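Please open the model in a viewer and keep the selection panel at hand. The stops below are arranged so that each selection leads to the next.

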Amino acid sequence: MGYWRGYRTVDGKTLCENNYGLNVGHMKYPFPAYCGQHELAAIIQRHCQDNPHFKLRFDTEMVALEQDSTGVNVTVKHAQTGKTEVLRAKYVVGADGGRSSVRKAIGVHLEGFTWDETFVATNILDFPFEKYGFRGANFVVHPKHWAVIAQTGGDGSPWRIAFGIEKGLTPEQVREKAPEHLKILLPGPDPYRLIQCNQYSVHQRCATTFKVGKVLLAGDAAVPPLLSPCLCSIGCTDSSISTIPLEGLD
Amino acid sequence: MTTGITDAACLGDALVAVMQGIADDSLLQTYSDLRRKVFLDISNPRSIEAKRKAQSDPDNLSDADKEFYRKMNEDENFQIEGMKGSMVLQTLLDIPQPKLENGSKEVNGEIAGM
């Protein structure tokens, strides 16, 4: 079921459906793996904890960054104690999200544009998507009620539904209006549980460079989340993430 | 998120090679250049196109979109190309195989235990 992708109309007619099984023999990793960010984060955290080269620090904020020809001094502040500390690193990787402090500290800006539209990402539990022919990942094609509907993991994981909504609403108004949109997207009388509902902006932006001296950017810090949840959520491909000691922040 | 994972894979490979002295520091600039190129050439235009397709009117499709759906239903090679999606976002650097850390095992060409 998770190996299919479909384009459908808002009233459930199929425009096309494709099985990733066709990719077998054409590429090394033919199937996408749907995996919510929280699940991926837990996997990465577990690997870091098991690896003696890593030291994870939580509740720690970068407050300043200076570099010279041999490395980087990173000043961090501990949220609970308020104490600051300077860490010395050969390299620093800023993978600290769309509002990256590291990116700002090295003076790199994002070029591109932000859509003048408002998007809503919801997580849904307990709706019988299969019964209505939804595949693992679905585009609902419609000028107003378009949506991306996708599984975020195995059985019991929430489904992600992302859609557009009118501009200028407060977060409370978005949560009030979301069920009207979901009613159009989710056919039949079946109940569902809306467990998350967030408004977000979508950017088509990229850092002008991913490297300044000994400081590197990766992930959302370099490219904030792009629109297409198909590109954002479909699959971890061949991320043979090798790990090494950076003697400092990662 | 997928572009971020593929950034991490590429950057991890580059940092391993630089820290182990297999490659010089310029490989990190190569990382930056190649990953920006993936955004400019692949993820950005595809993402914009996916949005346009999702927001089109299925009762009034352009000829190009009709052709897209026809091929996605009938043309196997087109379907395979169309489904590569995230699989084309990864960047493989041209570097020698990094030395494995103690305790890591290589299984079927994949590094395990890292």
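This is a predicted model: local features need pLDDT of at least 70, side-chain atom pairs count only at pLDDT 80 or more; totals for chains, interfaces and linings use all residues.

**A guided tour of chains A and B**

Begin in chain A and select A:D59, which sits in the loop between α1 and β3 (60-67). Phi of A:D59 is near 50°, a positive value in a residue other than glycine. With a relative accessibility of 49%, A:D59 counts as partly exposed.

**A nonpolar patch on chain A**

Select A:Y3, A:V24 and A:F31 together and display the surface. These residues form a nonpolar surface patch of about 270 Å². To place A:V24, look in the loop that lies between β2 (14-19) and α1 (37-50) of chain A. This valine is partly exposed, at 49% relative accessibility.

**Two cysteines**

Now select A:C16 and A:C48. A:C16 is buried, at 0% relative accessibility. A:C48 is likewise buried, with a relative accessible area of 11%. How many disulfides are there over all chains? The count is zero. A disulfide is a covalent bond between the sulfur atoms of two cysteines.

**A salt bridge within chain A**

Select A:E166 and A:K177 and show their side chains. They meet in a salt bridge, at 3.5 Å from N to O. A:E166 lies in the loop between β11 (159-165) and α3 (171-185), and A:K177 in helix α3, so the pair ties together parts of chain A that are eleven residues apart in sequence. Both ends can be found from the solvent side: A:E166 is partly exposed at 38% relative accessibility, and A:K177 is partly exposed with a relative accessible area of 25%.

**Chain B as a whole**

The chain contains four helices and two strands. Read from the N terminus, their order is α-α-α-α-β-β. Of the 114 residues in chain B, 45% are buried.

Select helix α1 of chain B, residues 2-19. Its 18 residues reach 25 Å from the first C-alpha to the last, close to the 26 Å expected at 1.5 Å a residue. Is this helix mostly covered or mostly open? It is mostly covered, since 16 of its 18 residues are buried. Following α1(B), select B:G21, where phi is positive, near 80°.

**Helix α2 of chain B**

Continue to residues 26-54 of chain B, which form helix α2. This helix has 29 residues and reaches 41 Å from its first C-alpha to its last, close to the expected 42 Å. Where is the kink in α2(B) centred? Select B:F39: the kink of about 40° is centred there.

Within α2(B), select B:R52 and B:E49. Their side chains meet in a salt bridge of 2.9 Å, N to O. The two residues are three apart in the helix, about one turn. B:R52 is partly exposed, with a relative accessible area of 37%, and B:E49 is partly exposed, at 30%.

**Across the two chains**

The side chains of B:R36 and A:E111 meet in a salt bridge, at 3.0 Å from N to O. B:R36 lies in helix α2 of chain B and A:E111 in strand β7 (residues 110-114) of chain A, so this pair joins two chains. The two ends fall in separate accessibility classes: B:R36 is buried, with a relative accessible area of 16%, whereas A:E111 is partly exposed, with 35%. Over all chains, the salt bridges number 20.

Key: Residues are numbered from 1 along each chain as its sequence is written. Chains are lettered from A and ligands numbered from 1 in the order in which they are written. Side-chain values use heavy atoms; hydrogens and water are left out. The expected span of a helix is 1.5 Å times one less than its number of residues. The bend at a residue is the angle between axes fitted to the seven residues ending there and the seven starting there. Patches are made of residues with over 30% relative accessible area and no salt bridge: like charges are joined within 9 Å, nonpolar side chains (Val, Leu, Ile, Met, Phe, Trp, Tyr) within 5 Å. Accessible areas come from the Shrake-Rupley method with a 1.4 Å probe; for residues, only the protein chains shown count as cover. A salt bridge is a side-chain nitrogen of Lys or Arg within 4 Å of a carboxyl oxygen of Asp or Glu. Buried means under 20% relative accessible area, exposed over 50%, partly exposed in between (1.4 Å probe, protein chains only). A disulfide is a pair of cysteine sulfur atoms within 2.5 Å.
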